Amino acid sequence: MSARREALLWGAQRASAALLALCVVVHLATMIYAAHAGLSAAQILARTRGNLVWLGFYSIFLLAAVVHVPIGLRAVLSEWLGWRGASRDAVLAAFAAALAWLGARAILGVFL
Amino acid sequence: MSTLQVRVWRGGPEGGDFQSYRVPRRASQSVLDVVTHIQRMLDPSLAYRFACRVGMCGSCAMTVNGVARWTCRTHVDQVCADGRLELAPLANLPVVRDLVTDMSEFFDKWARARGRFKGRHGRHDDFERVAPDSAARKQVDAAIECIGCAVCYSSCDVVAWNPQYLGPAALNRAWTLQRDVRDAAQAERLRAVAGDAGCHACHTHLSCTERCPKHISPTTGIAGLKRDALAAALKGKL
Amino acid sequence: MKPSLRARSHPGYWAFLVHRVSGVLLALYLPAHFWVLGLALREPARLDAFLRWTDQPLVRFGEWGLVLLLAAHFTGGLRLLALEFLPWRNWQKSLAALAAGVALAFALAFALAL
């Protein structure tokens with residue numbers, strides 16, 4: 001059971017990493033463009049509000065991050081804090097849920 | 001400089017400390033020569049391991065100036081620019097006495113990783129054919145050279161952080177068997193080496209690859225095991 | 001005994017450390033980032049005040065640091081994907097250096113844009 005779970009978590013981590021790699025390039029390019037063009041917050045929001053393409057993109061970005069971040073933290077917690085087992089995984093699941101909720105609020109606020 | 005300042009860890013399972021010795025420096029001197037000189041000429045109570053003296057057995061592995069090495073294959077000139085040497089037992093293993101470590105756990109993990117060949121054919125069957133240029137054979141040709149010296153195991157921080165971690169040598173051995181077409185135990189072996197005590201605990205530090213005196217890359221094999229494990233898990237076979 | 005610090009002094013280990021530390025810092029940053037953006041939903045005045053605060057030079061420096069962290073984690077991640085999925089070659093060990101270079105390039109681009 002542990003072997004199968006670890007293999008699938010590893011697979012999910014690498015798959016989400018590949019997806020995030022694409023999203024991060026787009027995100028960084030966008031941020032560099034916005035900084036270079038000297039866009040103010042109001043100007044940025046004027047471009048993002050009602051933009052369903054960007055909403056779709058950032059939803060995928062968020063989903064990949066919600067998978068990737070907790071699995072990544074899992075190894076750090078077990079190796080550097082000695083925290084293993086069900087309690088660690090439960091806390092990480094809660095963190096994932098919190099991240100998803102906060103992210104969804106952010107997406108709605110910026111793109112809807 | 002004609003004299004080496006050598007600090008050697010002395011002690012046992014309860015603890016210990018470094019003791020200093022002065023050893024004459026000679027041309028083409030190996031670190032094993034230094035240890036031998038100390039034990040024969042200065043302090044007969046020093047405990048250390050060696051056997052072949054020529055880089056074939058791996059018995060003389062210990063920590064030299066913080067790095068795991070074979071002392072017979074390490075020239076003093078290679079590691080000692082300022083005339084100082086520091087010798088300690090291999091890391092990540094319990095100490096028996098002085099420079100001698102207890103290798104039981106290292107080999108227990110080898111067994112737990114099912115690093116043991118199980119054939120399909122008996123003596124009345126024909127030979128199994130292993131094509132030397134087959135993809136599977138080429139993938140593990142380098143990895144089969146391992147002599148179980150524990151330098152990689154001793155260099156791995158994940159072994160230090162995760163007491164259950166099987167370690168690079170055991171996983172490398174498992175990898176060679178996973179690509180051996182004659183082996184019949186591959187499914188069970190994959191189950192033994194996948195998991196948070198197995199290949200998935202490797203974080204690609206590459207310390208094993210950096211230190212292996214036979215230039216094997218356990219990291220490569222472990223990456224192969226990770227891919228195999230995912231494929232098996234997706235097919236419901238893990 | 002644990003492996004000494006000297007045993008860790010090689011590029012592969014530094015790449016791991018940068019990757020792990022940048023990942024942890026980004027993981028701590030993300031919830032805050034999402035929360036601030038979420039202010040746009042219900043409390044635009046608060047968001048405006050916050051964004052005015054981010055105009056300060058120290059905060060701008062922090063933003064640059066975040067871009068550097070993201071670029072470092074991203075390039076280190078690409079290196080890991082190469083090591084785990086591509087057939088093994090010696091040049092892959094130099095990927096650590098390549099990753100560092102590309103990450104720095106991203107950060108510079110951001111810094112110059114500011």
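This short talk walks through chain B of a predicted model.

Residues count from 1 along each chain as its sequence is written, and chains are lettered from A, with ligands numbered from 1, in the order in which they are written. As the model is predicted, local features need pLDDT of at least 70, side-chain atom pairs count only at pLDDT 80 or more, and totals for chains, interfaces and linings use all residues.

Chain B holds 10 helices and seven strands; these are DSSP runs numbered from the N terminus, helices being H or I with at least four residues and strands E with at least two. Of its 238 residues, 47% are buried, meaning that 20 or more other C-beta atoms, placed from the backbone, lie within 10 Å of the residue's own.

Now the sheet. Five strands of chain B form an open sheet, ordered E2-E1-E5-E3-E4, with mixed pairing; two strands pair if DSSP finds at least two bridges between them. E2 (15-24) and E4 (67-70) of chain B are the edge strands, each with a single partner, so one side of each lacks a neighbour in the sheet. Strand E1 (residues 3-12) of chain B runs antiparallel to E2(B), joined by 10 bridges.

Finally, which helix is largely enclosed by the rest of the structure? That's H10(B), because 13 of its 17 residues are buried. Helix H10 of chain B covers residues 218-234. Just after H10(B) comes Gly236(B), with a positive phi of about 75 degrees.

How values were computed: A residue is buried if 20 or more other C-beta atoms lie within 10 Å of its own, exposed if 12 or fewer, and partly exposed in between; C-beta atoms are placed from the backbone. The expected span of a helix is 1.5 Å times one less than its number of residues.
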